[in-house]
Amino acid sequence: MIIRPESANHFSAVRSLHTAAFPTPAEANLVDQLRASGDAVVSLVALEGYEVIGHVMLSPLRAPF
């Protein structure tokens, strides 16, 4: 397994991974929205050969005090 930064080539596979892992597409939609808004600070994929088998994304969180 190799972990590397996500690239645009991975977007479709990452979306498929999230839609398979969760009961609704909400998480996949959130990942797409975070990318589109520029709020994804870190986004990594785990690869087995050329197959995306994992994904992690970090983004800032603003919480009230």
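**Entry 1. Contacts and sources**

I looked first at contacts (heavy atoms within 4.5 Å). Among those in the chain between residues at least 6 apart in sequence, 50% join residues at least 24 apart.

I note that this is a predicted model, in which local features need pLDDT of at least 70 and side-chain atom pairs count only at pLDDT 80 or more, while totals for chains, interfaces and linings use all residues. Residues are numbered from 1 along each chain as its sequence is written, and side-chain values use heavy atoms, with hydrogens and water left out.

**Entry 2. The chain as a whole**

I found two helices and three strands in the chain, in the order β-α-α-β-β from the N terminus on. Helices (H or I, at least four residues) and strands (E, at least two) are DSSP runs, numbered from the N terminus. Along the principal axes, the C-alpha atoms fill a box of roughly 45 × 25 × 20 Å.

I then looked up burial, where buried means under 20% relative accessible area, exposed over 50%, and partly exposed in between (1.4 Å probe, protein chains only). Of the 65 residues in the chain, 25% are buried. The chain exposes about 4700 Å², of which carbon and sulfur atoms supply 62%. These areas come from the Shrake-Rupley method with a 1.4 Å probe; for residues, only the protein chains shown count as cover.

**Entry 3. Helix 2**

I recorded 12 residues in helix 2 and a reach of 16 Å from its first C-alpha to its last, close to the 16 Å expected at 1.5 Å a residue. The expected span is 1.5 Å times one less than the number of residues.

Which residues of helix 2 are buried? They are Ala-28, Val-31, Leu-34 and Arg-35. Down the axis of helix 2, its buried residues fall within an arc of 125°, so they line one face of the helix. The arc is that of the directions from the helix axis to the C-beta atoms. An α-helix has 3.6 residues a turn, so residues three or four places apart point the same way.

I traced the packing of the buried residues of helix 2 to helix 1 (11–21) and strand 3 (51–58). On the other side of helix 2, Gln-33 and Ala-36 are exposed. Asn-29 also belongs to helix 2 (residues 26–37); Asn-29 counts as partly exposed because its relative accessibility is 30%. Its C-alpha atom lies 9.1 Å from that of His-18, 11 residues apart along the chain. Just after helix 2, Gly-38 takes a positive phi of about 80°.

**Entry 4. His-10 and Leu-47**

I located His-10 in the loop between strand 1 (2–5) and helix 1. His-10 is buried because its relative accessible area is 9%. Leaving aside neighbours within four places in sequence, His-10 is in contact with Arg-4, Pro-5, Val-45, Leu-47 and Val-52.

Leu-47 is part of strand 2 (residues 42–48), and Leu-47 is buried, with a relative accessible area of 9%. Leaving aside neighbours within four places in sequence, its contacts include Met-1, Arg-4, His-10, Val-52 and Ile-53.

**Entry 5. Ala-21**
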